[in-house]
Amino acid sequence: MKPTGVPTVFLVDDHHLFRAGVRSELGDAVEVVGEADEVPAAIELISERLPDVVLLDVHMPGGGGKAVIDAIKPANPGVKFLALSVSDAPEDVIGVIRAGARGYVTKTISGPELIDAVVRVASGDAVFSPRLAGFVLDAFASMPADLEPLGSLDPELDQLSPREREVLRLIARGYTYKEIARELTISIKTVESHVSAVLRKLQLSSRHQLTRWATERRLI
Amino acid sequence: MVVGAQRRDHRCIADQFNPWQQHYFDSTHSDRAYRRGRYGRHRGHGRLQRSRENRIIAGVAGGLAARLGRDVTVVRIVLVLFGLVSGFGVAAYVLAWLFLPVEGSTETIAARALSDRQGITIVLALVPALVVVLLVSSALHANFVSSWGTPLLLSAAGLVLVVRNADDYERAFLVDSVKALLQLGSEPRQSRRSFMARLGSGVLLFVLGIFVMSDGALSRSWLRPFVGTLLMIAGTVVLLGPWWLRLALDLVHERQARIRAEERADMAARVHDSVLQTLAMIQRSADQPQEVAKLARAQERELRSWLFEGRTPGSFGAEGAATLSAGVEQIEREVEAAHGVAVDAVTVGDAPLDDELRALLAAGREATVNAAKWSGASSVSIYVEAEPKRVSMFVRDRGAGFDSEAIAGDRKGIAESIRGRMQRHGGTAVIRSVPGEGTEVELSVPRRGRS
């Protein structure tokens, strides 16, 4: 965070109207330092202005949000990404998260919720929308027994703990972190750390399901 | 003046339809059920209970069959064979009667029998009787008596406690069966003569059978047990056949009545979902003639297609969705279009639709419509999770909520459309609501026929 106290934000989205809408919704709560409507311009401007948070559309001409993260992340680990999309294809969303985004919210999110999400990501936390929580539960759902190369199963990375699962379920049901903390009688900090742990597993796990399941939904 | 009057009227209608209150009820109950639902998911699977509906004597076979997932007839045959081979089979049955709670209750007969001093005295008095019987039989070398004495006395003791301590419902059932047995199942208006004739011929056949078995009445000795058994069976059929027949018929009638009642309830739920909901909406928009006409036209079309073309309103699977996730998307789309409220649906896992899942979706749709119409929230969250053993659906809003304390339990909305529908398909519905914070409806059905 900059000394001014509010996080700096950069918008990347190919729809002009949408960028304008987000800008007005964010208002004074954050400082919007720039916007871009295509991948090369976004990469150039972000590396120049180094915002705290990049609000990133998943679907864009020229490689999408993933290409932006891949280009920026190695040189500027301090820049954090929050994916913002109407796209519901799980493989795209998971792809952006695995590339390094700290969260995913849908475009229907309300102004105050979006500000809250930006602040959260700026301070290093992860932000899961109900939809992302659902994707993750789905991706991690199948039993360890169906992991093909048995030796590759790393319980630290390839499985969710029961508590993490519980937290994700509540997120998917539309609970806020505060409500989850109350429901499970734990602190909000603990909820945050569970979500961050899930994010880490999501990014580092080598589970085949994560990529495979995207094409075919788990039919039981 | 006129406008003011209309407005007041309008508010009255809104009060009568008092949305939340009418649609959700009974929180003390639902809270308890919710906790149970969350921490004891497999209620009903794990506990062995006596069946209330599937019973000839005590419902033990029905309960066992439900627990083991076997056909009840098979279980009955096994129990009867076990009882014939060893008297302990009978005793085990009576003990199960004593110690298993009947479906829908937690108290066993044994628990009540603990405070029945007289009954316990009678049971204790049977012990010396048992000792005497065993002594006498061993003195007479009657192995038959000594091997059957213990279990039969045990059964008798159990039966004494059962008869003395059964609840009213069970006692009425017992009295009916025993009465029918005493009349050997004959119709009350049947003449005394024909009854005596049947009794006579039955006993005669039975005695003849025993006679053939025990004595050298037939020259060919290998025929003896065969003919004897046949005669005894014939005697038993003549004696008890009508009773069995009546029991079986009663069972059939009862089942038919239940199916009819369920069909009626299903129909009522459908009418509520479509016609009654539309009427409520028409009353709410009484001052907008165009809106009213639109609603009425749409409802008329839907009702016609249901009555004359057999398509059910708000149904899933007949046309359209074939899987759980597609059904959820359909709800999302339709409710958003019809009520102008954002619906956020998340589905984890998927499954092909069967009757249970269709009921789940129909109830979930109703909950979503309720939330969209009455809660005042701008968005509704749906979360559906298909697990191997069960499918759960959560519908949540952050709207007005309601005070469920103040609500009569027999209102149609929740009672039939959601709760009743889920129960008829073996599922559960739990509603949690806090005034000012919103409402969450939790629905879940077990998955049948899955390993």
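This is a predicted model: local features need pLDDT of at least 70, side-chain atom pairs count only at pLDDT 80 or more; totals for chains, interfaces and linings use all residues.
I take two strands as paired if DSSP finds at least two bridges between them. Helices (H or I, at least four residues) and strands (E, at least two) are DSSP runs, numbered from the N terminus.

Residues are numbered from 1 along each chain as its sequence is written, and chains are lettered from A and ligands numbered from 1 in the order in which they are written.

I then checked one pairing. Strand E1 (residues 8–12) of chain A runs parallel to E2(A), joined by 5 bridges. Thr8(A) has Glu31(A) as its bridge partner in E2(A). Contact here means C-beta atoms, placed from the backbone, within 7 Å. Axes are lines fitted to C-alpha atoms, for helices over the stretch in contact, and angles run from 0 to 180 degrees between N-to-C directions.

Next I looked at a helix pair. The axes of helix H4 (residues 90–99) and helix H6 (residues 130–139) of chain A come within 11 Å and cross at roughly 95°. H4(A) and H6(A) are therefore roughly perpendicular (the class covers 65 to 115 degrees). Pro90(A), Val93(A) and Ile94(A) of H4(A) make the contact with Leu132(A), Phe135(A) and Ala139(A) of H6(A).

In chain B I found strand E1 (residues 342–348) mostly covered, with 6 of its 7 residues buried (20 or more other C-beta atoms within 10 Å of a residue's own). E1(B) is joined by 7 bridges to strand E2 (residues 379–386) of chain B, and the two run parallel. Ala345(B) is bridged to Ile382(B) in E2(B).

Last, I looked up the cores, sets of buried Ala, Val, Leu, Ile, Met, Phe, Trp, Tyr and Cys residues joined through C-beta atoms within 7 Å. The largest has 100 residues, and those with the most contacts inside it include Val136(A) and Ile382(B). Its largest share, 10 residues, comes from helix H15 (residues 355–375) of chain B. Another core, of 20 residues, lies apart from it and includes Leu64(B) and Leu100(B).

How values were computed
A residue is buried if 20 or more other C-beta atoms lie within 10 Å of its own, exposed if 12 or fewer, and partly exposed in between; C-beta atoms are placed from the backbone. Angles under 35 degrees count as roughly parallel, over 145 as roughly antiparallel, 65 to 115 as roughly perpendicular and the rest as oblique. Two residues are in contact if their C-beta atoms, placed from the backbone, lie within 7 Å.
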